[in-house]
Amino acid sequence: SLAKYSPERHAAVIPSPQSDTNRMSTTMSNNLYDDSIRMLWASKLVYSFAKLLQEGRAGGLDLADTFPPEVLAAYKDERLDVRDLGEGNGLSFNAVLKIVVANAENLKKIEPEFEYVAKMIEKIQAVENADESSDELFLETFSSIDAATQCVYGVLKDTKNKRVTVVFRGSTDFSTRDWQTNLSAQLEGIKTPKLLKDGLEGELKKRVLVHRGFYEYIFDNKRAKGDQRYDMILNDIKPFVEQGYKIYVTGHSLGAALSSLLAFKLAGSDKSWIPKPVTCISYASPMVGTDGFRTAFTLLEQMGHIRYLRVNNDADTVPTIPPFSLGLKRRLMKHVGINLRLYDDSFILSHPNSNGWGFVNAVRNSVLKPVWSVLKYHSLQTHEERMNAQKETL
């Protein structure tokens, strides 16, 4: 659970209010590690699967022997929507992994961390094969065909734990809008979710201020052809939620920022079909909003509508940026949620309302970290190595 580990070198800082900690720890399936590692795997595989589809659409892969015929007929011109496959369950994760394995030689050329991905696939297959009577994990939709202008995401279904998971891909290269999104650090007002209005004061009753680039990528993308990502995601997950599935959201880096905004919007919605709490587990997230966003987010935690675990490596600089917004009126940016901060041989659990994380720490960490360490400590592989080293205590 969240409260049981106190490293020798670092005292665990437990979030306030205490009920938030208890809520997070008692509703996880087994422990913090089991839920978090599955979200990490999804956050990594979304990169590799998007690369594979992109290469296939460009004619660089022959997928005829690995893609189901009905999928192959549509994916080159449309987003991947396989919800009707497998008697309505979707494309089994075992089938997805077979596609990746069958194209291993080609994937090696386009995936710099292929060896890590291959080991991850073995672990997921071991989980799936533990019960050979049926598949448990399924891919439902994957939206990447319009990656040049819109964020990439997938929707997964876990029939054993009754979860539907939205996973966002992080930043890639300059052929997409990812980096333009990252650098658009002006502020944008997001309408205050209806369930929060009675608990907030002043302008916060109307809007909270967040990172403009992240906000527009999901909710107000002027370059989108058709529906906004938020509306697409609602349509993707609603059939499963109506069957009693809980909502999980995850992502890495840019994907982590997007996941926190989506979770915030869903958790504060008064739509009767959206179950609470919404769970978000993110990796290496940059800062997303101002102090008002943190206030609103914390209120959702206190109301029991959201559970957010934000995981990052100690030496990673990305979670320290942007320390303040751009534009004429600059404001300090703030983190939200319970933070699991990973070291080589220990970890700290904290909440922004109890540990005073702010500008001084952000500057200290970003300035004093050597540039060469950025990629290493930002990678999901380093996150997983550190989590594995402390598996028994998480």
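In which handedness of crossing does α2 pass α16? The crossing is left-handed. The views below are of a predicted model, where local features need pLDDT of at least 70, side-chain atom pairs count only at pLDDT 80 or more, and totals for chains, interfaces and linings use all residues. Residues are numbered from 1 along each chain as its sequence is written, and side-chain values use heavy atoms, with hydrogens and water left out.

**View 1. Helix α2 packs against α16 at an angle of about 165 degrees.** Helix α2 covers residues 32–57, and its axis lies 11 Å from that of α16. (Axes are lines fitted to C-alpha atoms, for helices over the stretch in contact; angles run from 0 to 180 degrees between N-to-C directions. Helices are DSSP runs of H or I, at least four residues, numbered from the N terminus.) The pair is therefore roughly antiparallel, a term for angles over 145 degrees.

**View 2. Residues of α2 meet residues of α16.** Contact means heavy atoms within 4.5 Å. From α2 come Tyr-33, Ser-36, Ile-37, Leu-40, Trp-41, Ser-43 and Lys-44. From α16 come Leu-380, His-383, Glu-384, Met-387 and Asn-388.

**View 3. Helix α7 crosses α16 at roughly 45 degrees.** Helix α7 spans residues 114–129, α16 spans residues 380–389, and their axes come within 11 Å. The two are therefore oblique to each other; angles under 35 degrees count as roughly parallel, 65 to 115 as roughly perpendicular, over 145 as roughly antiparallel, and the rest as oblique.

**View 4. Residues of α7 meet residues of α16.** Tyr-116, Met-120 and Lys-123 in α7 touch Leu-380, Gln-381, Glu-384 and Asn-388 in α16.

Methods:
Left-handed = near helix turned anticlockwise from the far one by under 90°.
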